[in-house]
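This report concerns a single protein model. Please consult the sequence and the coordinates shown below.

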Amino acid sequence: MDAVDALNEIAFWLERGFAPTFKIQAFRKAAGIIGALDPEEVAARARNGRLKSMKGIGDRTFDVIRQAVDGGVPDYLEDLRQRGQQPLATGGAELRSALRGDLHSHSDWSDGGSPIGLMADAARTLGRDYLALTDHSPNLKIANGLSAERLREQLDVVADINADGGDFRLLAGIEVDILEDGTLDQSPEMLDRLDIVVASVHSKLRSDRSTMTERMLGAINDPHTNVLGHCTGRLLQGSRGTRPQSEFDAARVFAACAGNNVAVEINSRPERQDPPDDLIRLALDAGCLFSIDSDAHAPGQLDFLQYGAERAASNGVPAERIVTTWPLDRLLEWAGSGK
């Protein structure tokens, strides 16, 4: 098989399985190194051992490349494929199979780890009909948020990926920061050009209940907002530690979401599991739509939708209330209805 494909697929399975970042990066880096070389040169260097002396090619990545250029599936990849046949989540299988897309993902243009093209390719491989690219907005400097100029440049990249006219569609989007006054952290002119706007709070998460409620309502009432992202901001595990959920008037917030046709995100990241189950049920009773999203920062994490589907099913959310089960035309009609 193609050695670059083998290295990238290994990284995908490692990302999906929460492997350490340094381990994943070793395979992504090796793929980038040999991807810049002529395939015949890669094969020759692998067979005579010279490839092993290149900076960024370690023992494991060399073995993978050597087995790939010799025409077989590398042993390490085959092992990961076998282990990957087991689902990440045991529940929600019927709902998982109904999902057509994902409205929240990040690339290396902000705080993701992979190029846009790799994210799109992984979504295709997973059978998605669409994926929204939603890198961060400028206020979130720690995540390398996109200025209006960089976002404008990114739109051209998205257009190029969609130029083949295939069945898959990469949606132009943003995860826009909800500022302290409830406004969205990007110009209305740029937001008008996007397919999907996910609005999320990322700062001052310990604000008092009244302040946080008004802040969230300001964003929900903005006609550009399609999805309210990870609404409580909680963290349950992971390298960033834990964080309690924000305090806000959930009844008012979800009533506003229902009234403004804004979907409540069911964030599938294991460290978030946001909203908590009780708030999912409250949003369901309020008449809200939902969006099951991966919030993927790497290609393998796009499969995290399994976790979100399991939680939605366990809380009785019907498929027709989940916008990411909708076909693309219906989704885009809904997303553009408020603009």
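## Basis of the values

The model is predicted: local features need pLDDT of at least 70, side-chain atom pairs count only at pLDDT 80 or more, and totals for chains, interfaces and linings use all residues. Residues are numbered from 1 along each chain as its sequence is written, and side-chain values use heavy atoms, with hydrogens and water left out.

## Overall form

The protein has 14 helices and 7 strands; these are DSSP runs numbered from the N terminus, helices being H or I with at least four residues and strands E with at least two. Along its principal axes, the C-alpha trace spans about 65 × 45 × 40 Å.

The radius of gyration is 21 Å, in agreement with the value near 20 Å that a compact globule of 339 residues would have. This radius is taken over C-alpha atoms, and the globule rule is 2.2 Å times the number of residues to the power 0.38. Of the 339 residues, 53% are buried. Buried means under 20% relative accessible area, exposed over 50%, and partly exposed in between (1.4 Å probe, protein chains only). The accessible areas come from the Shrake-Rupley method with a 1.4 Å probe, and for residues only the protein chains shown count as cover.

## Backbone geometry

The loop between strand 6 (263–267) and helix 12 (277–285) contains Pro275. The peptide bond from Asp274 to Pro275 is cis, with omega near 5°. Gln273 lies in the loop between strand 6 and helix 12 and has a positive phi of about 45° although it is not a glycine. Gln273 counts as partly exposed because its relative accessibility is 29%.

Phe18, in the loop between helix 1 (3–16) and helix 2 (21–35), is not a glycine either, yet has a positive phi of about 65°. Its relative accessibility of 48% makes Phe18 partly exposed.

## Salt bridges

Side chains of opposite charge can pair when their charged atoms come close. A salt bridge is here a side-chain nitrogen of Lys or Arg within 4 Å of a carboxyl oxygen of Asp or Glu, and the count comes to 17 salt bridges. Arg47 and Asp70 meet in one of them, at 3.3 Å from N to O. Arg47 lies in helix 3 (residues 39–48) and Asp70 in the loop between helix 4 (59–69) and helix 5 (75–84), so the pair ties together parts that are 23 residues apart in sequence. Arg47, Arg66 and Asp70 are linked in a network of salt bridges.

Asp79 and Arg83 form a salt bridge at 2.7 Å from N to O; both lie in helix 5, 4 residues apart, about one turn of the helix. Asp79 is partly exposed at 36% relative accessibility, whereas Arg83 is exposed at 52%. For Glu271 and Arg269, the closest N and O atoms of the salt bridge are 2.7 Å apart. Glu271 is buried, with a relative accessible area of 12%, and Arg269 is buried at 10%.

## Surface charge

Glu149, Glu153, Asp156 and Asp160 form a negative surface patch. Patches are made of residues with over 30% relative accessible area and no salt bridge, like charges being joined within 9 Å. Asp and Glu count as negative and Lys and Arg as positive, while His and the chain ends are not counted. The place of a charge is taken as NZ of Lys, CZ of Arg, CG of Asp or CD of Glu. Asp160 is found in helix 8 (residues 148–161) and counts as exposed at 60% relative accessibility.

Key:
Patch = residues over 30% accessible without salt bridge, like charges linked within 9 Å, V, L, I, M, F, W, Y side chains within 5 Å.
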